[in-house]
Amino acid sequence: QLREQVLACTACGLCQGRKHAVFGDGAQTARWMVVGEAPGQEEDRSGLPFVGRSGRLLDAMLAAVGMSRERDVFIANVIKCRPPGNRNPKPEEIAACGPYLMRQITLLRPERILVLGRFAAQTLLGVDASIANLRGRLHQLKADDGREIPVVVSYHPAYLLRSPSEKARAWQDLRLAAKG
Ligand code: URA
């Protein structure tokens, strides 16, 4: 039902330019939830999250800690429709879309949330800090049902493609998520 609601959503202007809203994809009983920013061009075209270059790197990162999107992980974004030209989402778009992500978290009840990139981390945790400041420790997110879910912050794979030397830190983050 929630998926159908998202696919038909017209709560903000992003619906006008989209080919597909991207609800999320992966295991229905997922141990982890991975949260990115917003669909890019390939995601808008296919209706699936993280299917471009960033997505291939994300799959490889997950595989390095024995996780797969088919079996263990549900992948979603803070924003479900592609912002034109991949611009940063506007406050009113975040306000309109945020409740969908919170509902997904409550329904999926993941053991762990891995949040990728500054925008998604700041939005989900409601803070205004840098990735450098947020990574390396567990945060707690209070789901709508009151449950506390541990959150690990890491770099967005698009950033890692531009700055491969940061992959060592991303590996530390994955290990923290895997053991935490
Ligand atoms: N980047 C994101 O943040 N999400 C996607 O789904 C694809 C690229």
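Q: Before we start, what does buried mean in terms of relative accessible area?
A: Buried means under 20% relative accessible area, exposed means over 50%, and partly exposed is in between. This is a predicted model.

Q: Is Phe23 buried or exposed, then?
A: Phe23 has a relative accessible area of 9%, which is under 20%, so Phe23 is buried.

Q: And Phe74, buried or exposed?
A: Phe74 counts as buried, because its relative accessibility is 3%.

Q: How many aromatic pairs are there?
A: The count comes to two aromatic pairs. One of them is Phe23 with Phe74, with ring centres 6.3 Å apart and planes at 75 degrees.

Q: Why is that pair called edge-to-face?
A: Planes over 60 degrees apart count as edge-to-face. The planes of Phe23 and Phe74 are at 75 degrees, so this pair falls in that class.

Q: Where do Phe23 and Phe74 lie?
A: Phe23 is in the loop between helix H1 (2-7) and strand E1 (25-26), and Phe74 is in strand E3 (residues 73-77). The pair therefore ties together parts that are 51 residues apart in sequence.

Q: Switching to the ligand. Which residues surround it?
A: Around the ligand are Gly36, Glu37, Ala38, Glu43, Pro49, Phe50, Asn77 and His156.

Q: Which ligand atom goes with the backbone of Glu37, and what is the distance?
A: An oxygen atom of the ligand, at 2.8 Å from a polar backbone atom of Glu37. For Ala38, a polar backbone atom is 3.1 Å from a nitrogen atom of the ligand.

Q: What about Asn77?
A: Asn77 has a polar side-chain atom 2.7 Å from a nitrogen atom of the ligand.

Q: Which pocket does the ligand sit in?
A: The ligand sits in the largest pocket.

Q: Backbone next. What is the phi of Asn86?
A: The phi of Asn86 is near 60 degrees, which is positive in a residue other than glycine. Most residues other than glycine have a negative phi.

Q: Where is Asn86?
A: In the loop between E3 and helix H4 (91-108). Asn86 is partly exposed, at a relative accessible area of 46%.

Q: And what is the phi of Arg109?
A: Arg109 is not a glycine, but has a positive phi of about 45 degrees. Arg109 is in the loop between H4 and strand E4 (112-116). With a relative accessible area of 47%, Arg109 is partly exposed.

Q: What does the side chain of Gln104 contact?
A: The Gln104 side chain makes a polar contact with the side chain of Lys80, at 2.6 Å. Gln104 is in helix H4 and, at 2% relative accessibility, counts as buried.

Q: Where is Asp144?
A: Asp144 is in the loop between strand E5 (139-142) and strand E6 (148-154). Asp144 counts as exposed, because its relative accessibility of 55% is over 50%.

Q: Last one: how many residues apart are Lys167 and Val34?
A: Lys167 and Val34 are 133 residues apart in sequence, and 17 Å apart C-alpha to C-alpha. Lys167 is in helix H8 (residues 167-179) and is partly exposed at 39% relative accessible area.

Methods
Residues are numbered from 1 along each chain as its sequence is written. This is a predicted model: local features need pLDDT of at least 70, side-chain atom pairs count only at pLDDT 80 or more; totals for chains, interfaces and linings use all residues. Side-chain values use heavy atoms; hydrogens and water are left out. Rings of Phe, Tyr and Trp (its six-membered ring) pair if their centres lie within 6.5 Å; planes under 30 degrees apart count as stacked, over 60 as edge-to-face and the rest as tilted. Helices (H or I, at least four residues) and strands (E, at least two) are DSSP runs, numbered from the N terminus. Buried means under 20% relative accessible area, exposed over 50%, partly exposed in between (1.4 Å probe, protein chains only). A residue is near a molecule or strand if one of its heavy atoms lies within 4 Å of it. A polar contact is a pair of N or O atoms within 3.5 Å; within protein, one must be able to donate a hydrogen and the other to accept it, and residues adjacent in sequence count only if both atoms are side-chain atoms. On a 1 Å grid over the protein atoms alone, a cavity is a set of points where a 1.4 Å probe fits but cannot get out, and a pocket is an open set with protein on both sides within 12 Å along at least five of seven lines; lining residues have an atom within 4 Å of a point. A molecule sits in a cavity or pocket if more than half of its atoms lie within 2 Å of its grid points.
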